[in-house]
Every structure is written in C-alpha cells, then in structure tokens.
Amino acid sequence: MKIWRRLQGLGAVTVKNSVYALPATEQTQEDLEWLLKEIVEGGGEGLICEARLIDGLSDDEARALFNAAREADYDDLAKEARELSDTSSAGGEIRAKLARLRSNLARIVAIDFFDAVGRETAEGLLGALEERLRKEETASTPDRDAAPADADTEILKGRVWVTRQGVYVDRIATAWLIRRFIDPDARFKFVPAKGYAPQAGELRFDMFDAEFTHEGDRCTFEVLQARTGLTDPGLTAIGEIVHDIDLKDGKFGREEAGGIARLIEGIAIANREDNRRLERGGAVFDDLYGYFRRRRG
C-alpha cells in the first residue's frame, strides 16, 4: 500500500488492476528509478519497462485513465476551495488554508500529463479567494467583478484567438460567442496547454494566464460575455448551461445541461480535429440560441 501511494503521488494509474503505468518521459523514468532503488534497498523486487500498447487498450483509452484520475483531483480541490470561500474564518486562517490548496494544485498540475479538465476551474476559485483577501486587506483595491465591462468589441477584432488543444464545452461555446457576436472572421489556434508563448495580435482564452479565462466561479464564456457587455438573455442562459456542464457545481440547475453535455461529448468523440469540433459545436449553440430567442418572443 505504501508503494501504491508513492506511485499515485507520481501520477501513475493502474491498467487492468495489475500494471502501474506512467507516460514515458525522462522525469517519470527518473522518478521510477528512485522508487525502484528504494524498493530493492527495502528487500523487495521490482521491474521498470517501457512498453507500447498493441491490443486491449488504445492510446486514447490510456490517456483517459490519466485524465480521469487528475479530474477527480481537480474536483476535490475545487470542492475544498468552494467550502473555504463560504467560510467566515479570519483572514489569516483562510490564507494558511489557501496556501495549502495552492501547494496541492501545483502538485496535481505536475502530474497532469494530458491536460485534464478542471485545472481552470480550480485556478479560478483560488484566484477569487486571493482577490477576496486582497480586498479585505486593502480597501482601495478595485473590485474586479464590478469593473466596467469593455463593451467596445472593436479592439477584439482581427485577432488570433489561442486556446488549448482538444476543445470541449467551454472552449467550443466561447469560440462560438466570439465568431457570432464579436468577430465573424476570428481565427483560432490550438496549442499545447503548457509552454506556449503568445505572439503579437493573439488573445488566449480558457487556458492558464489567458486574457480571458475562468475568474472566481465563472467559466470563460461567462467572463467574456460580461467583459464585452453582451447582455442578451439568450446568451446568459447559454452561459448558465455551459457553467453547469463545465464547473459541475449545479449552480444554475439548468435542465438543458445534461442533454447539451451529451451532444458535446458526442461531437468530441466523433471529431478529433479542433476546428471540426468548433464547427459542429457552433451549430448546436446556434440552434440553442435560436430556441431561447423564440421562447423570449
């Protein structure tokens, strides 16, 4: 059990309940070599091998195992962050707990090998807690959420919008919002989640350090809608659906969320190419927006 806990700490997953697997990188190999040395010195035996999957488990299924483990980690951390944000503890106590959550997040990110869903939500919640503490400590600190929205969308036109590869509900919906209401000629670039340096004329969304990403308990769609002053009730309804799917907190309790989640999941399964996902998902959100407009009328 001790060895399994150590392997979990390295980010390993079990395959068929008998093999502990990690992606083949220099760092994971070094980590395993140190662990094997510890096992041998303790009188045990072990074996490290680099393997290629041939049958019984596809590469996509293997990645899904890693992502499921990390998504559970992110969900647990987000739950703790929400509980902390609801507490009335003193600032010093909150700061100490926040520091622990930041440390835990860094640990999870270090073993998030395939960019699992949930990091942006966790980052946004911790960022909101940090903002709350800053406001309490310095009365003159501006209220980010109350800041006037940048309703002049002209400065957002003609840009290249950059986001993480493997787009899913929040990124698909946000790209639809950009093309439908901000810049119909917007171009999109899909990059790895880590290590990308933005170029001139690019705007990042729904990724770490992006110009538009999760803020507090709001998903990227909600943030972009608010900051561009798009107050259409149909967009607000779509934002609530995207929020409930993406953050999984049931905040708005939208009855449509389950069905839209299955549609987006089907699009993602059937289309590995990101632009195709945007095209197919955009049609879904076009129809959904039309539904809300007709219902309002």
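Predicted model: local features only at pLDDT ≥ 70, side-chain atom pairs only at ≥ 80, totals over all residues.
Biologist: Where does Asp-115 lie, given its positive phi?
Modeller: Most residues other than glycine have a negative phi. Asp-115 is not a glycine, yet its phi is about 60 degrees. You will find Asp-115 in the loop between helix 4 (91-110) and helix 5.

Biologist: What is the phi of Lys-248?
Modeller: Lys-248 sits in the loop between helix 8 and helix 9 (257-270). Although Lys-248 is a residue other than glycine, its phi is positive, near 55 degrees.

Biologist: Which residues of helix 7 are buried?
Modeller: Buried means under 20% relative accessible area, exposed means over 50%, and partly exposed is in between (1.4 Å probe, protein chains only). Helix 7 spans residues 220-227 and is mostly covered, with six of its eight residues buried. What covers them includes helix 6 and helix 8 (233-247). The buried ones are Thr-220, Phe-221, Glu-222, Val-223, Leu-224 and Gln-225.

Biologist: How many disulfides does the structure hold?
Modeller: A disulfide is a pair of cysteine sulfur atoms within 2.5 Å. Cys-219 has a relative accessible area of 0% and so is buried, whereas Cys-49 is exposed at 61%. The number of disulfides in the structure is zero.

Biologist: How much space lies in the largest cavity?
Modeller: On a 1 Å grid over the protein atoms alone, a cavity is a set of points where a 1.4 Å probe fits but cannot get out. Points are joined across faces, edges and corners, and the volume is the space filled by probe spheres set on them. The structure holds one cavity of 30 Å³ or more. Its space comes to about 80 Å³.

Biologist: Which helix gives the largest share of the lining of that cavity?
Modeller: Lining residues have an atom within 4 Å of a grid point, and here they include Arg-164, Tyr-168, Asp-206 and His-214. Helix 5 (119-137) and helix 6 (169-182) each supply at least two of the lining residues. The largest share, three residues, comes from helix 6.

Biologist: How many residues of the lining are charged?
Modeller: Ala, Val, Leu, Ile, Met, Phe, Trp, Tyr, Cys and Pro count as nonpolar, Asp, Glu, Lys and Arg as charged, and the others, Gly among them, as polar. By that scheme, three lining residues are nonpolar and three are polar. The number of charged ones is six.

Biologist: Thr-121 is one of the lining residues, so is it buried or exposed?
Modeller: Thr-121 belongs to helix 5. Contact means heavy atoms within 4.5 Å, and beyond four places in sequence Thr-121 touches Ala-78, Arg-82, His-214, Asp-246 and Leu-247. Because its relative accessible area is 7%, Thr-121 is buried.

Biologist: What is the relative accessible area of Gly-11?
Modeller: Gly-11 is in the loop between helix 1 (2-10) and strand 1 (13-15). Leaving aside residues up to four places away, its contacts are Leu-22, Phe-66, Arg-70, Ile-111 and Phe-113. Gly-11 is buried, with a relative accessible area of 0%.

Biologist: Which residues does Arg-70 contact beyond four places in sequence?
Modeller: Arg-70 is part of helix 3 (residues 59-86). Its relative accessibility is 5%, so Arg-70 counts as buried. Its contacts are Gly-11, Ile-108, Ile-111, Asp-112 and Ala-116.

Biologist: How far apart are the C-alpha atoms of Leu-47 and Arg-294?
Modeller: Leu-47 is in the loop between helix 2 (26-41) and helix 3, and counts as exposed at 78% relative accessibility. Leu-47 and Arg-294 are 247 residues apart along the chain, and their C-alpha atoms are separated by 63 Å.

Definitions and conventions: Residues numbered from 1 in each chain as written. Heavy atoms only, no water. 1 Å grid on protein atoms, 1.4 Å probe; cavity = no way out; pocket = protein on both sides within 12 Å on 5 of 7 lines; lining within 4 Å. Helix = DSSP H or I, 4+ residues; strand = E, 2+ residues; numbered from the N terminus.
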